[in-house]
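Student: I would like to learn how to read a few features of a protein model. Could we go through them together?

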Amino acid sequence: MVTVPPRKPSFWLACLPIVLTFVVLGVQLFYFGNFTPHIPLAIGVAITALIGWLRGYRWPEMEDGIMHVVRLGLQSVGILIIVGMIVGIWIASGTVPYLIKLGLSLISPELFLAASVLICAVVSVSLGTSWGTTGTVGLALMGIGNGFDIPMYWTAGAVVSGAFFGDKMSPLSDTTNLAPAVTGVDLFDHIRNMLPTTVPAMLISLVIYLFAGFSMIGDQAVDFGRIENIISGLDQHFNLSWPLLLPLGVTVLLALKKMPALPTLFAGAMLGLATAMLTQDVGLQQAFNFMFSGYQIDTGVSEIDALLNRGGIQSMTWVITLMLVALAFGGVLERTGCLGVIMEKILTRAKSFGAIQTSAIATSAMTNVIGGDPYLSIALPGRMFAPAYRAKGYSALNLSRAVEEGGTLISPLIPWNAGGAVVITALGLGIAEGQTENLLYIPLAFACWLSPLIGIAYAHLGWFSPKLSPEEAAQYHAEEAMLAKPATAK
């Protein structure tokens, strides 16, 4: 049998599987109203494989490409498993409830908007979930904002800024784990590299919220009953004191010392287990159940129950399975040459690193707009743009930051995106009922759109843009050698 060498697809043929996958994804999201992109992405793998087969690639080599890319994400799968354990046991230990109590205690009338940002950031960093923070503490803050006569869109903008800042910077967050997984960088290096854009964006946002708060809030009496109800409920069901911060403190310390992510997070989980048993009278079997299935409590206070009933390994299965399917999609696109052709086209137009960084952020944002899913907006550009960065001699840390800024942070600003839908629904903004003025929360979520703009400015100025390290260069050369293997004759 004569072997026909695989042929590169044309640019439009390389784009075809991505376009068709988005069409299927659009049907799932907008026609069926189901925000689960797993099956459309799996169909995308099949479409890409079919196009690859027509161009001379055979399944064993495409499967090899899929498995290679999936293996790159296995460390983050392990991290997500431990993160699920941490969320469940840190709630049971009182660590997360104590952090929530501290945050809620900061509220004062004049500082309300700025305090809302900080409260949501603290809760979101500790829980690793922007959606959970928005739907619980965020909802409570909306009620307080109404008591202050602050327009709903201002409070919503502050809540979104804080919640998604925390999600972006938390090692417990699924998106914060997904970005380094698909780009092949270390989790904690990724978080540190986001500080130069995230911190200025938050500081600018806080200044704006402080000015707005002092301008809008008068000296009228305010009903803090809802917040006090949450605090008293936490006090009744947990023994809360500062030693409960030990698991968090040790985990942060180990991360700052650049210890590997897996043992660092596992140490935090074990400290949480010990703290739960010593301070909250949690039995060992019960602790194991919390780490596997998540924490469960019935306090009679709906805000507390909605906030704390979460975590466990099982809670991470949705994002883990999505990550694996998205990585498979990226792997088959890469092995069939589709990504290479698209990147060649981008490189012919993007002559500078600043143009590449801007393109990566914009592509993530547009994937959010078209696909309606924040995970896809990280996973797909994260695989597509990696070759462009290494060709220019820049670290993939720039790419992981770009897809977080265009993916995680832009997600809540798009009403039909999963993130935007959660914000609008959880905060009761009433868009479907005609209260369209509340869409003003989008420009008022300053931290979410300032951070990408700052990142683009840095890229064009050459600031905080790490170059390719020797370790990354060696890893990339090994990957290129593997991808360059001759096709298997069938």
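Tutor: We will take helices, the core, ring contacts, backbone angles and cysteines in turn.
This is a predicted model, in which local features need pLDDT of at least 70, side-chain atom pairs count only at pLDDT 80 or more, and totals for chains, interfaces and linings use all residues. Residues are numbered from 1 along each chain as its sequence is written, and side-chain values use heavy atoms, with hydrogens and water left out.

Student: How many residues of α4 are buried?

Tutor: Buried means under 20% relative accessible area, exposed over 50%, and partly exposed in between (1.4 Å probe, protein chains only). In α4, 17 of the 20 residues are buried, so the helix is largely enclosed by the rest of the structure.

Student: Which residues have the most contacts inside the largest nonpolar core?

Tutor: A nonpolar core is a set of buried Ala, Val, Leu, Ile, Met, Phe, Trp, Tyr and Cys residues joined through side-chain atoms within 4.5 Å. The largest one here has 147 residues, and L308, F385, Y389 and L429 have the most contacts inside it. Helix α4 supplies the largest share of this core, 12 residues. Contact means heavy atoms within 4.5 Å. Leaving aside neighbours within four places in sequence, the contacts of L429 include M142, M152, A156 and Y441.

Student: How many aromatic pairs does the structure hold?

Tutor: Rings of Phe, Tyr and Trp (its six-membered ring) pair if their centres lie within 6.5 Å; planes under 30 degrees apart count as stacked, over 60 as edge-to-face and the rest as tilted. The structure holds 12 such pairs. One of them joins W154 and Y209 edge-to-face, at 6.4 Å centre to centre and with 80° between the planes. This pair links distant parts of the chain, 55 residues apart: W154 lies in helix α8 and Y209 in helix α10.

Student: Which ring does the charged end of K345 sit over?

Tutor: A charge sits over a ring if NZ of Lys or CZ of Arg is within 6 Å of the ring centre and within 35 degrees of the ring normal. The charged end of K345 sits over the ring of F11, 5.4 Å from its centre. For K467, the ring is that of Y394, with 5.2 Å to the centre.

Student: And what is the phi of D281?

Tutor: Most residues other than glycine have a negative phi. D281 is not a glycine, yet its phi is positive, about 55°. D281 lies in the loop between α13 and α14 and counts as exposed, at 68% relative accessibility.

Student: Last, the cysteines: how many disulfides are counted?

Tutor: A disulfide is a pair of cysteine sulfur atoms within 2.5 Å. By this rule the count is zero. The sulfur of C120 is 11 Å from the closest cysteine sulfur, in C448, which is too far for a bond.

Notes:
Helices (H or I, at least four residues) and strands (E, at least two) are DSSP runs, numbered from the N terminus.
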